[in-house]
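Hi,

Here is the structure I promised to pass on.

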Amino acid sequence: MITTDFLPGSPSWLMLSSPDVDASLAFYGDLFGWEAASAGPRSAGHVYLTLDGDVVGVLGPLVGEGEKPAWTIFFKDPNVDDTVLAVERLGGTLLVEPFDIGELGRVAYFYDPQGGHFAVAKPYHLQGMEVADRPGSLCWVELWTPDGAAAVEFYGELFRWGFTDHDMPAGLDGTYKLITPAGAGQERAHGGIMAVDPDALPADNGSADWHPAFAVADIDAAVDKVKAGGGQVYTKPEDTPVLGRSAFCADPFGSAFSLFRYLPE
C-alpha cells in the first residue's frame with residue numbers, strides 16, 4: 001500500500017501537466033472532488049490539488065517545447081544528484097537536470113531505457129502528498145513496458161526495489177511484478193510492472209508508460225464520470241491480478257491513469 005511516510009524509492013508526489021489547467025481542474029474535481037489551492041507566488045501557474053484540504057498532487061501548464069499532457073510520478077530519493085549518474089550508467093536518460101522547486105525539494109526528471117518517464121524528489125519542507133490509499137487519492141502506480149525483464153533490472157538496481165511474481169489472469173500472457181521498497185514487506189507494495197505489447201502501450205511510439213492509479217468507492221460510477229467529462233475509458237471495469245476491480249482511462253487531454261475500487265480493511 002502507498003503511505004505518506006515515504007520510504008526511499010516509494011511514490012511521494014504526483015504532477016499533472018495540462019494544456020488547460022482550468023479544464024483539467026474541472027474534470028478531476030468532478031471525478032474525485034479535488035479542489036485547487038495556491039502553490040505560492042512563484043508557482044508559474046501551478047496549483048496544489050487538494051482533497052478535503054489535504055494535498056494529493058500538483059497541476060500546472062505545459063512548460064517545455066514538445067511537452068505532452070501527462071501525469072508524472074515522483075519517487076522519494078535521498079540523493080537526487082547521485083541518481084543522475086546511476087540512471088545514465090544503467091542506460092536511462094536525464095530529461096531535466098536536478099533543480100530546487102519550492103517546498104517540494106530537489107527534483108530531476110528521467111526516461112528509463114524503454115522510454116518510461118519518471119522523476120525523483122528529495123523533500124525539503126513538504127514531504128510529499130498528504131493523503132494516499134483512500135477514495136480520491138493515489139493508491140498504486142504501474143509501469144507498462146515492452147520489456148518487463150529489462151525494467152526489473154533497471155529499477156531494481158536504481159531503487160533497490162523488491163519484486164514478487166503474480167501470474168496474469170487466464171487468457172493473458174506474462175507475469176505481473178509486484179514492487180516493494182528496499183527492505184520492506186509486501187504490505188508496503190506500492191505498484192507493479194507489466195510487460196505489454198508495444199502496440200497496446202498508451203505512448204504513440206510504443207515506449208514504456210508510468211501511470212498512477214486512484215482509489216474510488218464506486219468504480220462504475222467513476223467510469224461514467226470519466227466519459228461524461230470528455231475522458232476516455234480504454235478498458236471497462238474488470239478484475240486485476242493484484243488489486244481487484246479496475247479500469248484504465250485517460251482525461252480529456254490524453255493523460256493516462258487507472259481507477260481501482262477501494263476496499264477498506
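A quick definition before anything else: I call a residue buried when its relative accessible area is under 20%, exposed when over 50%, and partly exposed in between (1.4 Å probe, protein chains only). Helices (H or I, at least four residues) and strands (E, at least two) are DSSP runs, numbered from the N terminus.

Please keep in mind that this is a predicted model, so local features need pLDDT of at least 70 and side-chain atom pairs count only at pLDDT 80 or more, while totals for chains, interfaces and linings use all residues. Residues are numbered from 1 along each chain as its sequence is written, and side-chain values use heavy atoms, with hydrogens and water left out.

On confidence: pLDDT is the predictor's confidence in each residue, from 0 to 100. The chain has a mean of 90, and 91% of its residues reach 70 or more. Helix H1 comes out highest at 98, and strand S10 (residues 162–167) lowest, at a mean of 86.

Now the sheet. Two strands pair if DSSP finds at least two bridges between them. Eight strands form an open, mixed sheet, and the order is S2-S3-S4-S1-S5-S8-S7-S6. Strand S2 (35–38) and strand S6 (93–101) sit at the edges with a single partner strand each, so one side of each has no neighbour in the sheet. From one strand to the next, the twist averages 30°; axes here are lines fitted to C-alpha atoms, for helices over the stretch in contact, and angles run from 0 to 180 degrees between N-to-C directions.

Strand S1 (residues 11–18) runs antiparallel to S5, joined by six bridges, and Trp13 has Phe74 in S5 as its bridge partner. S5 also runs parallel to strand S8 (residues 117–122), with three bridges; there, Lys76 stands opposite Ala121 in S8. Out at S2, four bridges pair that strand with S3 (residues 47–51) in the antiparallel sense, and Ala37 has Tyr48 in S3 as its bridge partner.

Two helices pack on this sheet. Contact, by the way, means heavy atoms within 4.5 Å. H1 (residues 21–32) touches S1, S2, S3, strand S4 (54–61) and S5, and its direction makes about 150° with that of S4. H2 (residues 80–89) touches S6, strand S7 (105–111) and S8, at about 10° to the direction of S7.

Val84 lies in H2 and is buried, at a relative accessible area of 10%. Not counting residues up to four places away in sequence, Val84 touches Leu94, Pro98 and Phe110. The C-alpha atoms of Val84 and Pro98 are 8.1 Å apart, with the two residues 14 apart along the chain.

Gln114 is in the loop between S7 and S8, and is buried too, with a relative accessible area of 17%. Leaving aside neighbours within four places in sequence, its contacts include Thr145, Asp147 and Ser207.

Last, the cores: a nonpolar core is a set of buried Ala, Val, Leu, Ile, Met, Phe, Trp, Tyr and Cys residues joined through side-chain atoms within 4.5 Å. The largest has 53 residues, and Phe118, Trp210, Phe257 and Leu259 have the most contacts inside it. Helix H3 (residues 148–159) gives the largest share of this core, six residues. A second, separate core has 14 residues, among them Trp140 and Phe248.

Cheers
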